[in-house]
Amino acid sequence: MSEESESVFSVVPDDEESGEKFKKSDQVAFYRRQMQGPNLQHRALLDTMVLTEKGARFELLEANTQTRLILLVSPCKNDTVRILIDELQPIKARYRVQDVTTGEPQCEQLRVKRQTKGCVTLTWSSGRHQARVWRFPFYLEILCEEEVMVTFNSRGKLWFETLQDRPSELQEDDSSSLWKETFKQFVDIKANGPSSIGADFCLHGFSHVYGLPEHADSLKLRDTRDDEPYRLYNLDVFAYDLYSRFGLYGSVPLLVAHKLDRTLGVFWLNASETFVNIRYSPSDQQDEQVPLIQRRWREPQTDVHWLSESGVMDCVLLLGPSPQQLFSQYAQLTGYPALPPLFALGYHQSRWNYKDEADVREVDAGFDLHDIPCDAMWLDIEHTDGKRYFTWDPVCFPDPAGLQLHLEEKNRKLVVISDPHFKADPDWSLYQEARDGGHFVKDREGELFLGSCWPGESCYLDFSRPATRAWYSRCLTLDKYKGSTPSLFLWNDMNEPSVFGGPEQTMPKDAVHYGGWEHRELHNLYGFYQHKATVEGLMTRSGGSERPFVLTRSFFAGSQRLGAVWTGDNVATWEYLKISIPMLLSLSVTGVGFCGADVGGFFKDPDPELLVRWYQAAALQPFFRGHSACVAKRREPWLFGEEVTAAIRTVIQQRYQLLPYWYTLFHQAHTSGLPPIRPLWVEFPREQGTFSVDNQHMIGDHLTLSHIVSCNRWICVVWSFTVSDLTAGGALLACPVTDPGVQEVKVLLPGSDEIWFDVQSAMAHEGGRTLSLPVTLDTVPVFQRGGSVVCRSAGSSSCTADLQLLPLSITVALDSQGAADGELYLDDGHSFNYLHRKAFCLRRFNMLSGRLLCRAASEEGAFDCDTVVHSVTILGLKSKPTAVTVHQSGAEDTSAEFQFTETCCELTVSSLSLRVLTDWEIHIL
């Protein structure tokens with residue numbers, strides 16, 4: 001096939017007028033109506049209460065409009081409470097989000113604790129929690145131990161526009177905006193008229209809230225009363241503004257609140273355009289009108305106001321109380337993160353675009369030549385035949401299977417792009433199949449929706465349709481996708497969806513999907529559904545035996561079950577490097593733990609110092625990919641001189657050495673919901689000084705699991721396991737250098753009773769203070785927490801496939817009691833055998849009273865490997881031992897070689913050959 005004249009040139013769209021391309025909140029009709037409209041007075045009709053197996057059912061009445069609603073309050077067994085509001089008698093069903101939650105949670109049986117004319121108090125289980133429904137004005141309180149934690153509708157912001165039949169003729173008056181909305185040249189015709197919803201929550205005692213990705217903003221969400229609200233509306237925003245509440249590529253409508261003694265979440269399950277206003281109560285210091293004597297005891301609170309364009313009101317309160325319990329509650333609701341194939345945690349090299357097969361082979365060879373590990377080469381849109389996905393350019397990529405086999409011989413993969421738009425080419429067989437199969441989105445007139453993207457005029461696949469997802473998945477089979485092999489993987493881009501020249505560069509809201517639903521109802525789900533279809537395609541290709549890897553730009557709640565996300569079209573500046581940390585932390589606390597940012601910035605050219613610092617930061621983040629635009633200069637790691645090459649080589653090699661630890665963290669995420677990286681406050685929930693820190697982060701923990709967890713592909717089921725069975729503490733603290741030319745950085749080391757060991761120097765530092773650390777270009781500030789054990793690979797590797805052939809080096813950092821513990825997870829790194837055949841190994845390392853023990857951490861699992869521990873380093877040993885002996889079951893004790901460095905109290909036990917799969921002990925005498 002040849003490129004036709006209407007194709008769009010593959011350059012970054014002109015965004016000089018991006019400020020005018022996108023809406024502000026005051027340009028959105030439903031937002032204006034709710035913010036400017038009257039406060040409605042709803043009444044709970046307590047005499048309509050019915051207790052069912054799914055909770056308590058009430059009718060609500062708004063007197064002025066005579067609107068009748070149905071309220072369902074459903075407490076669940078994992079300390080969550082669902083609040084569902086719908087019309088009592090709708091003229092037709094309202095849209096409800098499907099496929100995001102993993103099943104109906106098990107509800108608790110409610111009972112009435114007390115009832116008066118003004119309210120009814122319900123409780124369940126042990127009676128620790130209560131729900132109190134007040135008659136007029138209606139509001140709902142959730143209590144724990146008689147203390148109100150959350151109040152729903154505390155400010156009377158409950159708003160519910162009922163569906164209406166369309167008038168035969170629309171008058172050109174104020175009411176016409178209810179049915180028709182204009183932005184620039186675009187006219188949005190609303191089939192059901194105004195249908196927006198809104199509600200407010202008061203979070204008592206909280207003054208720090210987080211989450212609501214994706215925004216290029218600080219980790220702690222800001223007060224919005226004097227500025228724009230946070231917007232959740234997936235959009236293609238090139239070179240996005242920083243420290244902005246404007247919505248970007250993906251949305252997770254989860255807000256996480258934290259205070260000294262509790263972590264709490266509000267999950268707003270709605271896929272239409274959504275705004276969130278946040279109002280912190282005035283602090284004691286700021287509110288001068290409050291008498292001084294009152295400032296000492298006035299409780300803080302945070303008011304959160306959600307406003308969505310359509311759908312039902314479906315929200316879940318996650319009651320924690322610990323951060324770890326909240327992560328578990330959210331994972332049980334929307335799914336546990338996928339366990340990726342090991343190669344996905346290595347380094348990925350991408351560019352828009354490597355020009356041909358020879359170019360790919362040359363770059364691949366460059367990694368070997370310069371002794372830099374790499375696991376995957378990536379191809380952007382130019383690899384296709386005329387921007388037709390699932391094809392190859394016949395001139396530049398005439399032998400794609402041969403290219404993949406060449407990479408596979410080195411145990412490397414190829415990843416190619418697949419966008420949701422199809423070139424409207426009637427001579428292209430795949431387009432014909434999609435058109436004839438009814439797989440494209442329609443416009444409001446019932447014709448194929450035509451938009452513009454990279455191929456020129458395009459149609460967009462309707463991934464909300466199950467049959468379309470199944471068809472798309474079959475397109476990835478080896479016989480259908482010509483030139484593909486089992487070592488080919490995918491990334492989904494432009495799936496917000498991006499429509500060049502469309503309203504806000506996306507699909508019109510009145511486009512029509514499967515089931516007759518308007519695009520406005522499910523806009524934020526579009527990329528999630530493409531991601532789902534792509535993952536299922538790779539699963540189908542392998543017959544369900546191999547783990548898929550798919551990166552997506554657009555995402556929603558539940559995307560963590562599918563794969564990785566990245567932060568989109570960033571820019572090669574220090575400011576974008578700095579903002580990447582809070583952006584990834586915001587994703588992590590809302591379940592999307594497999595995340596990263598393009599190393600070096602997608603657009604423009606980084607100077608050498610910025611590039612090195614970016615590699616250093618990204619090597620300490622979950623997804624690690626270098627990517628750049630076609631208008632940027634080439635930036636393979638060896639193009640900036642030997643000093644820069646050496647610095648980048650070092651951090652990538654260190655990433656690969658740490659992969660046993662990273663892989664263990666991803667297994668823990670897969671089984672517990674805990675993200676691999678997390679803010680400091682998650683590990684130090686009672687230290688207020690950590691609550692706003694977003695230039696540092698913790699990497700993992702040393703969880704002790706009392707029982708193993710059993711998983712299927714999408715859900716993990718816990719066997720005899722609760723979060724109370726865990727003892728958690730982040731093992732590594734990272735503080736990447738994100739400013740140019742600095743010679744010193746300030747590092748907060750939390751925990752007055754903690755000991756922190758500089759990973760580079762092994763020097764110990766007391767916690768509970770801010771450390772001034774001298775830095776050079778080679779310095780990567782990372783500290784290991786006392787009480788933790790971290791496993792690394794010893795030696796060098798060219799890719800992750802080498803790791804299981806390499807011995808391990810174990811670093812034991814002692815706490816003030818001379819103790820430490822940690823875990824190591826091993827499996828084959830690519831298949832589902834860990835699930836189907838229990839082919840995995842989970843080992844625990846525990847140090848106490850001068851004895852390091854290696855034992856099984858799980859009675860389940862059997863995985864045969866020859867991995868051995870080559871050396872053990874113990875940090876914080878107070879004095880030089882007289883001897884070190886090794887004890888193995890069935891063998892005589894043997895003496896071990898050791899070296900003790902007094903300046904940093906470091907003991908290194910070397911020349912070991914201890915199999916990880918066997919039990920052994922090292923005695924420090």
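**View 1. Strands β4 and β20 pair in this predicted model.** Six bridges link β4 (residues 80–87) with β20 (residues 313–318). The two strands run antiparallel. Leu84 sits opposite Asp314 of β20. Helix α4 (residues 323–334) packs on the sheet. This helix touches β4, β16 (254–259), β17 (262–268) and β20. Its direction makes about 25° with that of β17.

**View 2. Eight strands form an open sheet.** The order is β1-β2-β3-β4-β20-β17-β16-β14, and pairing is antiparallel. β1 (42–52) and β14 (209–211) stand at the edges. Each has a single partner strand, so one side of each lacks a neighbour in the sheet. On average, neighbouring strands are turned by 20° against each other, direction ignored.

**View 3. Strand β51 pairs with β47 and with β50.** Four bridges connect β47 (residues 868–875) to β51 (residues 906–910), and the two run antiparallel. Here Leu875 faces Glu906 of β51. Five bridges pair β50 (residues 897–901) with β51, again in the antiparallel sense. In this pair, Phe900 stands opposite Leu907 of β51.

View 4. Where pLDDT is low, predicted coordinates should not be read in detail. The chain as a whole averages a pLDDT of 93, and 93% of the residues score at least 70.

Conventions
Residues are numbered from 1 along each chain as its sequence is written. This is a predicted model: local features need pLDDT of at least 70, side-chain atom pairs count only at pLDDT 80 or more; totals for chains, interfaces and linings use all residues. Side-chain values use heavy atoms; hydrogens and water are left out. Two strands pair if DSSP finds at least two bridges between them. Axes are lines fitted to C-alpha atoms, for helices over the stretch in contact, and angles run from 0 to 180 degrees between N-to-C directions. Contact means heavy atoms within 4.5 Å. pLDDT is the predictor's confidence in each residue, from 0 to 100.
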